[in-house]
Amino acid sequence: MTISADELREEVRRHYAESARAVIAGTSGCGCGGGSCCEAEDAGTFGEALYDAEQRDELPDAAALASLGCGNPTAVADLHEGETVLDLGSGGGIDVILSAKRVGPAGLVYGLDMTDDMLALARRNAEEAGVKNAIFLKGMIEQVPLPAATVDVVISNCVINLSTDKAAVLTEIGRVLKPGGRVGVSDVVAEDRLPHQERAERGSYVGCIAGALSKSEYEAGLEAAGFEDVTVSFTHEVADGMHGAIVKAVKAHEPGKEGLPLVAERT
Ligand SMILES: C[S@@+](CC[C@H](N)C(=O)[O-])C[C@H]1O[C@@H](n2cnc3c(N)ncnc32)[C@H](O)[C@@H]1O
C-alpha cells in the first residue's frame, strides 16, 4: 500500500505531537531514531547528548528533554549579535533558545513548526529560559510564513529529512535568506551508495531515517536552489550507511548587488 504525501505529513505531525505531550507530562519524548522509538537517543546519536554541558546549563530541563535532533546546529552556524535567525522545525525550542542568547537583544529568532503541541512546549520553554527575542510561528517549512530576504541564518535540526517536498524547503530557505545569508543545518544524510529502498530498510520515516537525502542529493538540491560553498559533512553514524551530518551553504549574492556600482560613477 502506498501512502500519500499528506498522509505521511499527518503521521509525522501525530508522532511529534505525542512526543511534545509526553515531555509536558514529564516523561521523555520519542523523536528521531531507528525502528524502536528512543533507542537511538539512548545511544547518544540523537537528542540532548549532542549538546555540551555549558549549553545544557543554559536550558530549562524540559527544553533539553524535548531535544529530538541529530546534531547541534547552533555549534556550527557561527551566530553574531543582532542577527535574525530562522529555525525550521523548532520542536521544543532548544535551538531557538540557544540562538536567541547568541544573537542578543538586538537580534531575533523565529522558530517555525507545524505541530501545535510542539509550539506550546517551545513557548513555555522559551519563557522559562527568560528569552524575549524569539517568536514561534505555526506553519510548514515548505511554505515559510516570512517575507523574502529577511533572515541572516537558517538553522534546522533533523527536520528536512521529514519533509515530503525537500526541493520546496530548499527553495524557501533561498527565498527568506538575505543575499550572503547562511545555512547551518543538522540532518540525517545517507551515503550515496544507498538507494531509497535501502534507506527505508534502516529505519522509519517519522524516525528521521527513511526520508533522508543522500550526500550528493543534498549538495545538488542546494546548488539548484542558488546556494554556494555547499558542504555536507558526516559527523556520526546513526544506522548502517546513514549519518548525522552538518550541512552548510551560503546564498549567492545577486550579480551586480555585491556593493559595487553596476555603472561607473561619473567624476
Ligand atoms: C525530529 S523533531 C526536531 C525538533 C527540534 N528541531 C529539535 O532538534 O529538537 C522534528 C520537528 O519538526 C516538525 N516538522 C516536521 N515536518 C515539518 C514540516 N513539514 N513543517 C513544519 N514543521 C515540521 C515536527 O513537528 C517536530 O517538531
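**Salt bridges in a predicted model**

Before going on, the conventions. This is a predicted model, in which local features need pLDDT of at least 70 and side-chain atom pairs count only at pLDDT 80 or more, while totals for chains, interfaces and linings use all residues. Residues are numbered from 1 along each chain as its sequence is written, and side-chain values use heavy atoms, with hydrogens and water left out.

What does Lys178 pair with? Lys178 forms a salt bridge with Asp152, with 3.2 Å between the closest N and O atoms. The two residues sit in distant parts of the chain, 26 residues apart: Asp152 in strand 4 (residues 151-157) and Lys178 in strand 5 (residues 177-190). Asp152 is buried, with a relative accessible area of 16%.

Two definitions are needed here. A salt bridge is a side-chain nitrogen of Lys or Arg within 4 Å of a carboxyl oxygen of Asp or Glu. Helices (H or I, at least four residues) and strands (E, at least two) are DSSP runs, numbered from the N terminus.

How many salt bridges does the structure hold? The total is 14. Another of them joins the side chains of Arg21 and Asp117, at 3.3 Å, N to O. That pair also links distant parts of the chain, with Arg21 in helix 1 (residues 5-24) and Asp117 in helix 7 (residues 116-128), 96 residues apart. Arg21 counts as partly exposed at 43% relative accessibility, and Asp117 is partly exposed at 24%.

Next, Asp240 and Arg202. Their salt bridge has its closest N and O atoms 3.1 Å apart. Both residues are in loops, 38 residues apart: Asp240 between strand 7 (227-239) and strand 8 (242-251), Arg202 between helix 9 (196-201) and strand 6 (213-214). Asp240 is partly exposed at 44%, and Arg202 is partly exposed at 22%. Both also belong to a network of salt bridges that includes Glu191, Arg193 and Glu198.

Strand 7 and strand 8 pair in the antiparallel sense over 9 bridges; two strands count as paired if DSSP finds at least two bridges between them. Val232 stands opposite Val247 in strand 8. The hairpin of strand 7 and strand 8 has 2 residues between the strands, and Gly241 there takes a positive phi near 80°.

Technical notes
Buried means under 20% relative accessible area, exposed over 50%, partly exposed in between (1.4 Å probe, protein chains only).
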